[in-house]
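Dear colleague,

Please find below the structure that I am handing over to you, followed by an account of what was found in it.

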Amino acid sequence: MLLELENVSIPTIDQKHIIVNNISFGVKESSIHAIIGPNGSGKSTLAYTIMGLKTYKPSEGKIYFDGIDITDMPITERAKSGITLAWQEPARIEGLSISKYIALGIKDKKNAEALIKEALEVVNLEPELYLQRDIDDTLSGGERKRVELAAVIAMRPKLIILDEPDSGLDVIVTEDFLNIFNKIKILNMTILLITHREDIGMVADYGTLLWRGEAVMTDKFPKVMVRYCAKAGLKEFCRRTLFKNGEKCFDDDYIERIFREESSQ
Amino acid sequence: MTNFDYPEDILQSLDDYNIDIRDFMPGHGSGAKLLLNFNKISGIEQGDGIILKGREIPNGIVADIVIKEGTIVEEPVHLCFGVNKETGVQEIFPRIIAEDNTDVKVQAHCSFPKANGLIHKMFGHFYIGNNCNFTYSETHYHGENSGALVSPVGYMYVGENSVFENNFNLTKGTPGKVKIMLDIYAMKNSVIRSNIRAFGKNKNDSVRIRDAIYLEGENARSVLKMKAAARDGGEVLMYGITEGNAPHCNGHVECSEIVLGRGSICRARPFIRATDPTSSVSHEASLGRFPQKWLDELQAKGLTEKEATEILIEAMLKE
């Protein structure tokens with residue numbers, strides 16, 4: 001496993017409540033692993049804790065990355081060891097050019113120019129149109145998110161945490177983003193995808209369902225999705241949407257069984 | 001660098017602001033220019049449609065610049081007011097007139113690399129006619145000893161339908177004691193953009209900038225952005241004023257200041273006033289440190305907090 005969480009609990013900043021309770025799961029190298037769950041289930045908290053933000057620290061448990069205990073490692077060191085995060089709503093900073101922003105995380109400074117251009121092309125932004133622009137309010141929401149993706153791709157990290165990459169995007173742009181995730185996977189980077197949408201999650205190989213702060217299950221993504229639908233009572237939605245490559249993921253009997261199991265609990 | 005007799009370190013300070021030194025050199029390019037070495041005029045060149053005259057006075061010069069009606073100036077007019085001495089008094093009286101329908105950029109540079117008790121004063125009067133597009137950019141370099149005492153005062157009248165952009169940058173070297181006062185009067189349908197940037201770097205640096213925009217004409221609009229950082233005991237006060245005194249005028253003041261290290265002080269006083277019921281004037285101010293989220297985002301790319309802060313300061317003060 002590239003990333004492993006072992007009995008991790010995460011409290012609120014004031015330490016009075018637990019947001020994520022005693023969760024354990026692993027993320028396989030070179031996979032896309034989705035963390036799925038409804039709003040408020042602790043997905044972003046988990047993402048920030050794995051990244052190592054100052055105000056997000058586990059009260060219990062351990063986090064291992066590449067076999068090393070990183071539970072107490074500061075954010076900068078985690079980034080240097082190969083973890084990074086693409087924010088749900090990345091900051092807009094006047095005066096900071098896209099080329100400079102993307103270059104920040106590049107270790108191979110000699111090839112920075114080529115890596116920046118390549119990263120922009122991966123996210124479908126024409127380098128000549130964007131390199132000199134700033135990451136400010138003149139970029140649309142979709143453009144800013146693409147630049148963020150380009151910046152993390154150019155870093156060549158081992159693990160990219162994508163926090164709700166689809167938020168605020170229309171359907172066409174979302175489709176484009178799914179293609180971008182596959183391109184990232186081809187570049188041999190592992191993706192931890194935080195989302196609450198099944199259509200985004202379907203690009204994932206594996207998934208973990210987070211429900212009220214607890215990890216209900218970790219398995220292949222479609223199975224996790226069925227459980228999510230069962231918990232939320234969305235049978236028709238489940239039947240209608242769980243397709244992969246045009247094929248139904250499960251027959252109706254399987255879906256019925258999972259829903260029965262869930263309602264009996 | 002050139003066969004022109006002008007102090008090399010003054011020219012070098014242009015380079016630090018990424019300004020091409022050659023643009024300021026007589027004999028290069030077609031732009032009008034005026035170079036002052038302390039209180040002596042070192043060079044003066046005219047341009048098409050531009051009258052540029054300088055007259056030496058005991059402690060400085062009076063400089064008259066007239067952009068003739070309808071002139072569209074391709075290359076900026078360059079003004080360099082340098083002093084390569086530790087002490088002394090330099091007084092500049094620029095009088096700039098842009099006649100109607102002109103389009104011009106003026107790039108001024110005030111450089112005092114050895115300042116240690118040096119006094120620089122400026123009393124500027126700008127008259128910008130109707131339907132003009134006028135950009136005035138002024139960069140300052142006061143050496144590394146916090147030894148300059150600089151007090152420019154400027155009055156600017158911006159005519160109907162004109163666009164006036166004012167850029168003031170004091171971000172390289174150490175400012176010393178600086179006190180700046182600008183009054184800009186905006187007439188009907190004019191647009192004012194004023195960008196002020198300063199960086200106080202030690203306890204001997206004290207920067208006070210008062211930039212006032214008076215929206216006197218119907219539908220006049222303005223944005224005043226004042227950005228500053230103070231470190232290691234430096235002190236910066238940004239006093240941004242906008243008054244809405246005409247129908248449907250619209251102004252905004254934005255002050256952003258970052259405090260680094262103990263003993264440093266940043267103060268912001270956005271002051272807005274409206275005397276017309278159809279006018280709209282707003283302000284925002286933020287002081288202290290950069291938002292934690294910004295730092296997190298940069299640190300997630302492998303930067304330390306200190307490195308991230310440096311990058312953000314550079315971005316904030318970028319011209």
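The domain assignment of chain B gives two parts, domain 1 (8-292) and domain 2 (293-319). Please bear in mind throughout that this is a predicted model. The C-alpha centres of domain 1 and domain 2 of chain B are 27 Å apart. Their contact involves twelve residues of domain 1 of chain B and ten residues of domain 2 of chain B.

Which elements of chain B give two or more residues to the side of domain 1 that touches domain 2? They are strand 11 (163-172), strand 13 (191-200), strand 15 (221-231) and strand 17 (250-260) of chain B. Strand 11 of chain B gives the most to this side, with three residues. By class, the side of domain 1 of chain B that touches domain 2 of chain B has five nonpolar, five polar and two charged residues.

Chain B also holds an open sheet of nine strands with mixed pairing, in the order 3-4-6-8-10-12-14-16-18. Its edge strands are strand 3 (50-57) and strand 18 (265-274) of chain B, each of which pairs on one side only. On average, neighbouring strands of this sheet are turned by 10° against each other, direction ignored.

Both ends of the sheet can be followed in detail. A hairpin of two residues joins strand 3 of chain B to strand 4 of chain B. Within strand 4 of chain B, Ile65(B) is the bridge partner of Leu52(B).

The next topic is the contact between the chains. Here 16 residues of chain B are in contact with 19 residues of chain A. On the side of chain B that touches chain A, helix 2 (292-299) and helix 3 (305-316) of chain B are the elements that give two or more residues. Helix 2 of chain B gives the most, with six residues. The side of chain B that touches chain A has eight nonpolar, three polar and five charged residues.

Chain A is likewise divided, into domain 1 (3-82 + 157-264) and domain 2 (88-156). The centres of these domains of chain A, taken over C-alpha atoms, are separated by 25 Å. Domain 1 of chain A brings 15 residues to the contact and domain 2 of chain A brings twelve residues. On the domain 1 side, strand 9 (159-163) and helix 7 (171-186) of chain A each supply at least two residues. The largest share of that side, five residues, comes from helix 7 of chain A.

Finally, how do helix 9 (residues 221-232) and helix 11 (residues 252-264) of chain A pack, and at what angle? Their axes are 9 Å apart and meet at an angle of about 50°, which makes helix 9 of chain A oblique to helix 11 of chain A. Helix 9 of chain A passes helix 11 of chain A in a right-handed crossing. Helix 9 of chain A makes the contact through Val226(A), Arg227(A), Ala230(A) and Lys231(A), and helix 11 of chain A through Ile255(A), Ile258(A), Phe259(A) and Glu262(A). By class, this contact has five nonpolar, no polar and three charged residues.

With kind regards

Note on methods. Residues numbered from 1 in each chain as written. Chains lettered and ligands numbered in written order. Predicted model: local features only at pLDDT ≥ 70, side-chain atom pairs only at ≥ 80, totals over all residues. Axes fitted to C-alpha atoms, helices over the stretch in contact; angles between N-to-C directions. Helix = DSSP H or I, 4+ residues; strand = E, 2+ residues; numbered from the N terminus. Parallel < 35°, antiparallel > 145°, perpendicular 65-115°, else oblique. Left-handed = near helix turned anticlockwise from the far one by under 90°. Contact = placed C-beta atoms within 7 Å. Nonpolar A, V, L, I, M, F, W, Y, C, P; charged D, E, K, R; others polar. Domains from an automatic or database assignment. Pairing = 2+ DSSP bridges.
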